[in-house]
Amino acid sequence: MTNPYDVIIIGAGIAGGMVARFLSKYELDILLIDKEVDVGMGTSSGNSAAIHAGYDALPGTNKALTNVIGVDMWPRLSQELGIQYERCGDYVVAVDKEDMLVLEELLERGAHNEVPNLEIISGEAMRRREPLLRPDAIGALWAPTGGIGDPFAATIAAAENAVMNGVDLKLDTAFKDFIMEGDRITGVRTSQGDFNCRWAVNAAGLYADEVMHKAGVRPEFNIRPRRGEYLILDKADFQLTNTTILFPTPSEKGKGILVASTLHGNVIVGPNANFVDSKENRDVSKEGIEEIWSGGKKLVPAINRKHIIAEFAGLRATGNAPTPNPEIDYNQDFIIEIPDKVHGLVNLGGIESPGFTAAPAIAIKVIELLESAGEVLTEKMDWNPVRPPRPVFRHLSREEQAALIAKDPAYGRIVCRCETVTEGEIRAEVHAPIPADTYDAIKRRTWLGTGRCQGGFDMPRVVSILAEELGIPEEEVTKKGKGSELLFRRTKDVEEDYLNMEDLL
Amino acid sequence: MKHTYDVIVIGSGPGGLAAAIAAKENGAGDVLIIERDIELGGILVQCIHNGFGLEIFDEDMPGPTYAQHFIEKARGTGVDTLMDTMVLDITPDRTVYAINKSQGYIQLVARAIVLAMGCRERTRAQILLPGSRPAGVYTAGTAQRFVNVEGRMPGEQFVILGSGDIGMIMARRLTIEGAKVKRVLEIMPYLTGLTRNYVQCLLDYGITLQKQRTVNRIIGRDRVEAIEAVSVDESWNPIPGTKEVIPCDSLLLSVGLIPENELSKKAGVLLDPVTNGPYVDDRFMTNVPGIFAAGNVVHVYDLVDWVTEAGYVAGKGAAQFAQAEAIPEGKQVALEAGENVRYVVPHKLTKASLAEELVRLQMRAVTPIEERVLVTVEDQDGEVIAKKGEPYARPGEIISLTIKPKSFEAVQKAVKLTVNVRKRK
C-alpha cells in the first residue's frame with residue numbers, strides 16, 4: 001500500500017480529466033485512473049464535438065447550469081490547453097409551424113438559462129447563411145455562442161496538463177471496489193492494486209452507476225447506454241459553406257441528427273439515439289446508418305453517400321437522476337454531489353450531452369463541493385495552466401513547415417498522406433507527458449488514419465515507428481491495448497531453420 | 001538540385017516509370033520522378049506474384065522483376081529521381097511543392113507534369129460495413145504490404161470480402177504462409193477480378209468463393225473474433241435465414257480501387273464521376289494544359305502492361321508539350337459510353353492522331369454477357385467506325401479496342417463517337 005492520495009479520480013474521460021486538471025491547481029496528491037489503455041476511450045470517444053450554447057437544457061437543471069458556465073470557459077481553456085475550439089455559432093432549423101413553436105420554446109429556455117444573443121431568423125436569412133440547407137426551411141434559431149471543439153484533443157490535453165502539474169495517471173487500471181471504514185471511503189481497490197485516499201471522485205461515465213453502488217449510494221440510479229452513430233464525409237469532396245452546426249428541432253430522443261463541420265475539416269452527420277444492451281456495444285448498425293443518413297439528408301439534401309469515409313458509434317451515459325430542485329420535473333439530470341450517506345465521495349453521474357461542454361464547469365463545481373465539505377484547498381505556487389501545443393504540420397505555413405523540417409528532419413516525412421501527418425508528429429506523441437503507445441492513441445492525437453484511406457497507407461509505417469520507439473517487436477504493437485495486436489508473427493521462421501541447419505553441419 | 005524540369009512525373013509505379021522513359025525518348029531534357037516510398041516501382045514492389053508482362057514481354061514475371069526492367073531503363077536514359085518525397089501541392093501553372101527529410105521543403109517548376117499516383121483501396125466505411133471496429137480489418141493491399149514487404153502476418157484465420165484481384169491473390173499468398181482462408185465472399189452475382197486469378201488463387205487452393213453473399217456484421221471488441229455472413233438478393237437486401245457466423249481473426253477487404261486524385265484536384269484537373277479519374281484525351285492530357293495523367297490514376301486497369309502502355313503515351317505527350325509549350329491544336333471528338341458500357345477511356349479523341357498511329361480505347365461493360373459480343377465504335381448516325389468481337393463481356397475485365405489509321409477519314413467527319421457492347425446477332 002502506497003502513501004495515501006488526497007484524491008483519486010475514477011475515470012479519465014473529459015469529466016475526470018477536467019476535474020484532475022482543475023484540482024491540480026491545489027496542493028493535493030491526486031491519482032487519476034482509467035480501465036482503458038488511453039484516456040478518453042469511453043463516452044468521450046464518440047460524440048458530436050459540439051460546444052453547446054445552452055438553450056436546450058431545461059432551466060434549473062444541473063445540465064443547464066453547468067452547460068452555460070462551461071460554454072464560457074472554453075475560449076480561455078482552449079487557449080491554455082493549446083487545443084482547437086471555434087465559436088462559430090449553431091442553428092436549429094425549422095421546416096414547419098410546429099418546428100417554429102419549438103424554436104420559440106428554445107428561445108425562451110435560452111433566455112431563462114441566460115444564453116446571450118439568441119435570435120430567430122427567417123428561412124430566407126438562414127439559407128443565405130447556408131445555401132446547402134434544404135430549400136423549404138422556414139426559420140432557424142441562431143445561437144452565436146455555440147461552437148465546435150475536439151473531444152479527443154481536449155480530453156488528452158486536460159489529462160496531460162494535470163500530469164504536468166503533478167497528477168499521477170494510471171491507465172489500464174480498473175476500479176474494483178472502495179475500501180471503506182464504516183461510512184468513510186479510505187481507498188480504492190483496482191486491477192493494479194489498492195490505493196488509499198481521503199477523497200474519491202466518481203467520474204466513471206458509463207460505469208458511474210456501478211461505482212456509486214459499491215459505496216452504497218443511490219441504489220436506484222441506473223445508467224442505460226444510449227448509442228449514437230455517426231458518418232464522416234471526405235473533406236475534399238464535401239464542405240458546408242461556413243463552419244457551423246445545423247441541428248433539426250429536438251425531440252424527446254435528444255437534439256437530433258445534425259450536420260456539422262468538424263475542426264478537422266470534415267462534415268459529420270449523426271447521431272441517432274438508441275438504447276443498447278451493453279456498455280461496450282459501439283457497433284455501427286445497418287439500420288442506424290440508414291437512420292442518420294436520412295436525418296442528415298433532411299437538413300442538407302446535397303450530402304452524397306459516395307463521400308462517406310468513416311463510420312463510428314459512441315455511447316451516452318444516460319442516467320435516471322431527478323434534478324435536485326424538486327420543483328423541476330426532469331429525470332435525466334447530471335449528478336454532481338457529495339452524497340450524505342458516505343464520506344469521502346464526490347459523485348458524478350449521468351454525464352451525457354452536454355457533458356463535453358459542461359466538463360470544465362463540473363470540475364469547478366467539484367472544487368466548490370470539496371471546499372463546502374471543509375477541505376482547505378491551497379493553491380500551488382507553480383501551477384502551470386498552459387499545456388504547450390505540439391507542432392501540427394498541416395496547420396503551418398510553408399515557411400514554418402520548412403523551418404520545422406530544418407530543425408527536425410522527421411517532420412519531412414509524411415506518414416499519413418490523406419491528413420498530411422508527419423513522422424515527427426508521431427514520435428513527439430510517443431514522448432509526450434502521456435505517452436501514446438498504441439495505433440489508436442497516435443490516431444486520436446495526430447489525426448492520422450482518419451482520412452479517406454482510413455489507415456491503409458499509414459498503418460504499416462506507424463507500426464514500424466511504434467515498434468522502434470517503444471523497443472518492442474512489431475508483433476506486440478496494438479491497436480488499442482492487449483488483445484488488439486495488429487500482427488501475429490513473422491512470415492517463414494527462417495532464423496530457426498538456419499539454427500537447425502547449423503546443428504546438422 | 002535543379003529547379004526547373006521539362007517533365008515531372010509524380011509516382012514511380014509502372015505508369016510513372018513508362019512516362020518518364022517515354023518523355024526522355026521523345027526529346028525531353030530534364031525529367032524527374034518524385035516517389036513517396038524509398039524504392040522505385042510503386043505497388044509492384046509488394047506484388048511478388050507472377051502474371052505481369054505477358055502482353056509487353058510475352059513473359060510471365062513477378063511484379064518486382066517487371067518493375068526492375070523499367071527502373072533500369074529509366075536509369076539508363078538519365079531520369080532523375082527524388083525518393084522518400086511527398087508532393088503536397090501542384091498548381092495549375094505546374095509548380096510542384098514537396099517535402100522530404102534531407103532537402104526539407106522543395107519547390108519545383110515543370111513544363112509538363114504526368115500524374116501517376118495510382119489508386120487506393122476502398123475501405124470498410126465506404127461500403128458501410130456494420131459492426132464493431134476491432135484490430136484485424138485490413139484492406140487486401142495493406143495486408144499484402146505487411147506480408148510481402150514487412151514480412152509479418154496480419155492474422156491466421158481469414159475471411160476475404162470481395163473477389164477483386166488483390167483479394168484473390170492474397171488468399172493464395174496467406175495460404176502459402178500457413179494461414180487459413182475460410183471464405184471469399186462476393187456481393188455481386190459475378191466475379192469482380194480476373195477469371196485466371198479465380199482459377200490460380202482460389203480453385204487451385206481449395207478456397208471457397210460464395211457469390212451474392214457479404215459480411216453482415218463484424219464481431220469482436222479488441223480483435224476480430226468472427227464475421228456474420230449473409231446472402232443478398234439482386235438489390236443487396238439480406239435474405240432471411242441465410243446468416244452464418246464464421247469465426248476468424250481477420251477480415252480482408254478487396255472491394256474496389258479508387259484512382260487517387262487529391263493532388264489532381266488541387267491542380268484544377270476535372271474528374272469523371274464514373275472513373276473517379278481525370279477526363280483525358282487520347283494523349284492522356286487532362287483539361288489543364290500540360291498536365292497529363294497515366295495509369296490507375298485515370299481509371300483502374302486489370303493488367304500492368306496496359307498501365308505501362310498508357311504511361312508511354314502520356315510521357316510522349318508530356319515531352320511534346322514541354323518542348324513546344326503546347327501541343328499542336330487539333331479538333332477533338334468526344335467518345336461516349338453507349339449501350340452496356342460503363343465508361344470508356346480516353347474521353348476525347350484528337351482527330352489528327354489517327355493520321356500516324358493507333359488509338360487504344362478501353363472500356364468496362366455494365367452487365368455480364370456470357371456469349372459472343374460485338375464491340376463497336378459508332379458515329380452520331382450509327383455508322384460503325386471500328387468494331388471487334390469478344391467471346392464474352394464481363395464487368396471485371398476491361399475490353400480493349402483499337403481504332404486504326406484506316407478509320408482516319410471516318411473520324412474526321414464524326415461529331416460524336418459512341419462505344420457499345422452488344423450480343424452478337
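**Chains A and B of a predicted model**

Good morning. I begin with chain B: among its contacts between residues at least 6 apart in sequence, 66% join residues at least 24 apart, a contact being two residues whose C-beta atoms, placed from the backbone, lie within 7 Å. This is a predicted model, in which local features need pLDDT of at least 70 and side-chain atom pairs count only at pLDDT 80 or more, while totals for chains, interfaces and linings use all residues. Residues are numbered from 1 along each chain as its sequence is written, and chains are lettered from A and ligands numbered from 1 in the order in which they are written.

Let me stay with chain B as a whole. Its secondary structure comes to eight helices and 26 strands; helices (H or I, at least four residues) and strands (E, at least two) are DSSP runs, numbered from the N terminus. The radius of gyration of chain B is 22 Å, close to the 22 Å that the globule rule gives for 425 residues, so chain B is as compact as a globular protein of that length. That radius is taken over C-alpha atoms, and the globule rule is 2.2 Å times the number of residues to the power 0.38. Along the principal axes, the C-alpha atoms of chain B fill a box of roughly 65 × 60 × 40 Å. Of the 425 residues, 54% count as buried. A residue is buried if 20 or more other C-beta atoms lie within 10 Å of its own, exposed if 12 or fewer, and partly exposed in between, with C-beta atoms placed from the backbone.

Next, the domains. Chain B is divided into domain 1 (1-121 + 257-328), domain 2 (123-255) and domain 3 (330-425), with bounds that come from an automatic or database domain assignment. The centres of domain 1 and domain 3 of chain B, taken over C-alpha atoms, are separated by 26 Å. Each of these two domains gives 15 residues to the contact. On the side of domain 1 of chain B that touches domain 3, eight residues are nonpolar, two polar and five charged. Here Ala, Val, Leu, Ile, Met, Phe, Trp, Tyr, Cys and Pro count as nonpolar, Asp, Glu, Lys and Arg as charged, and the others, Gly among them, as polar.

Chain B also holds an open sheet of three strands in the order β20-β22-β25, with antiparallel pairing; two strands pair if DSSP finds at least two bridges between them. β20 (341-345) and β25 (399-403) of chain B stand at the edges with a single partner strand each, so one side of each is left without a neighbour in the sheet. β22 (residues 359-365) of chain B is joined to β25(B) by five bridges, and Met363(B) stands opposite Ile399(B).

I turn to the interface. The contact between the chains takes 44 residues from chain A and 40 residues from chain B. On the side of chain A, at least two residues each come from α7 (286-299), β17 (308-318), α9 (398-407), α12 (459-470) and β22 (489-490). The residues of this side divide into 18 nonpolar, 11 polar and 15 charged. Which strand of chain B does β22(A) join? Two bridges link β22(A) to β9 (residues 152-153) of chain B, in the antiparallel sense, and Arg489(A) has Met153(B) as its bridge partner.

β17(A) pairs with β12 (residues 224-233) of chain A over 10 antiparallel bridges, with Ala310(A) as the partner of Ile232(A). In chain B, helix α3 (residues 140-148) has nine of its nine residues buried. What covers them includes α12 of chain A, along with β9 and α4 (165-176) of chain B.

Finally, some backbone details. Most residues other than glycine have a negative phi, and most peptide bonds are trans. The bond from Gly270(A) to Pro271(A) is cis, with omega near -5°, and the bond from Ser353(A) to Pro354(A) is cis, with omega near 5°. Glu114(A) has a positive phi of about 60°, and Phe284(B) one of about 65°. Are these residues buried or exposed? Glu114(A) is exposed, with 10 other C-beta atoms within 10 Å, whereas Phe284(B) is buried, with 29. Thank you.
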